[in-house]
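Hi everyone, thanks for making the time.

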Amino acid sequence: MLCFVFMVNKTEGQELYPYKYKNEVSIDATAVIGNLLSLNSERAKSPYGFGYRHHFNKYSLRVRGNTLLDNRTILEFDGNRFNERKIAEQEHSLSLAFEKGIDVAKNFRLLYGADILFGYTFVNTQVENVFERINQDITMGFGPALRLEYRISDRFLLTTESTLYGKMIISDDRFKLGFDPEQVATSTSYNVLLALPTSLTFSIGF
């Protein structure tokens, strides 16, 4: 943090390299690169993330959405016979970010700001004639974000980021075993999540 403050003070007043294009669309390229380099396992699940950013005079506004849809069937043996466990999973998130930037090296810019996060998760697990479980989570979060941007050209950019979100999660868990009455449990939890810079975003200006 002290290093970050030092860099802000040192670069304050320096002219940033201008954004030639005021609008950008982006895609989360982490999964794509992992597949190209054969780093992802066959069962790896990666969300499809798309974003948009608009540059104003002194700050930028970033909107980003992520969606993950996964349906799979697992064959299990309970000691007497094989059962099919069917799992349907959805993850959706939307974030809104306000950010400013400082130049730290040629073609490198450090972006800092705050994110507002909304998320929804749905998981339905079924084993025929045995049980069914439905879990739904609604997430709301807020926190600082730090991003490092590399300018390939005026139009093309690469970005990685680190975030620290404080989250509130509202959970609804429903469980039904055979012909027994459905059991429902609701809860609210709070946590802090630090995300290290392991993702890579590719942006195109227009």
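I'll go from the overall picture to the strands, then the salt bridges, then the surface.

Some housekeeping before that. This is a predicted model, so local features need pLDDT of at least 70 and side-chain atom pairs count only at pLDDT 80 or more, while totals for chains, interfaces and linings use all residues. Residues are numbered from 1 along each chain as its sequence is written, and side-chain values use heavy atoms, with hydrogens and water left out.

How confident is the predictor? pLDDT is its confidence in each residue, from 0 to 100. The mean pLDDT of the protein chain is 86, and 83% of its residues reach 70 or more. Over residues 1-13, though, the pLDDT is below 50, and beyond near neighbours in sequence this stretch has nine contacts in the model; a contact means heavy atoms within 4.5 Å. Where pLDDT is low, the predicted coordinates should not be read in detail.

Now the layout. We have two helices and nine strands, and those are DSSP runs numbered from the N terminus: helices are H or I with at least four residues, strands are E with at least two. From the N terminus on, the order is α-β-α-β-β-β-β-β-β-β-β. Of the 206 residues, 31% count as buried. Buried means under 20% relative accessible area, exposed means over 50%, and partly exposed is in between, with a 1.4 Å probe and protein chains only.

Let's zoom in on strands 7 and 8. Strands count as paired if DSSP finds at least two bridges between them. They form a hairpin with five residues between them, and Gly 178 in the turn has a positive phi of about 55°. Which residue stands opposite Leu 193 in strand 8? That's Tyr 165. Leu 193 touches Tyr 165 along with Thr 163, Leu 164 and Lys 167, not counting residues up to four places away in sequence. Leu 193 counts as partly exposed because its relative accessibility is 41%.

On to charges. By salt bridge I mean a side-chain nitrogen of Lys or Arg within 4 Å of a carboxyl oxygen of Asp or Glu. A search of the whole structure finds 16 of them. Take Glu 99 and Arg 53, whose side chains meet at 2.8 Å, N to O. That pair links distant parts of the chain, with Glu 99 in strand 4 and Arg 53 in strand 2 (residues 48-55), 46 residues apart. Are these two buried or exposed? Both Glu 99 and Arg 53 are buried.

Compare Glu 89 and Arg 72, which meet in a salt bridge at 3.5 Å, N to O. Here Glu 89 is buried, because its relative accessible area is 11%, whereas Arg 72 is partly exposed at 27%.

Glu 182 also forms a salt bridge, with Arg 174, the closest N and O atoms being 3.5 Å apart. Salt bridges that share partners join nine residues you can pick out on the screen into one network: Glu 24, Arg 53, Arg 62, Arg 64, Glu 99, Asp 115, Arg 147, Glu 149 and Glu 161.

Conventions
pLDDT = per-residue confidence, 0-100.
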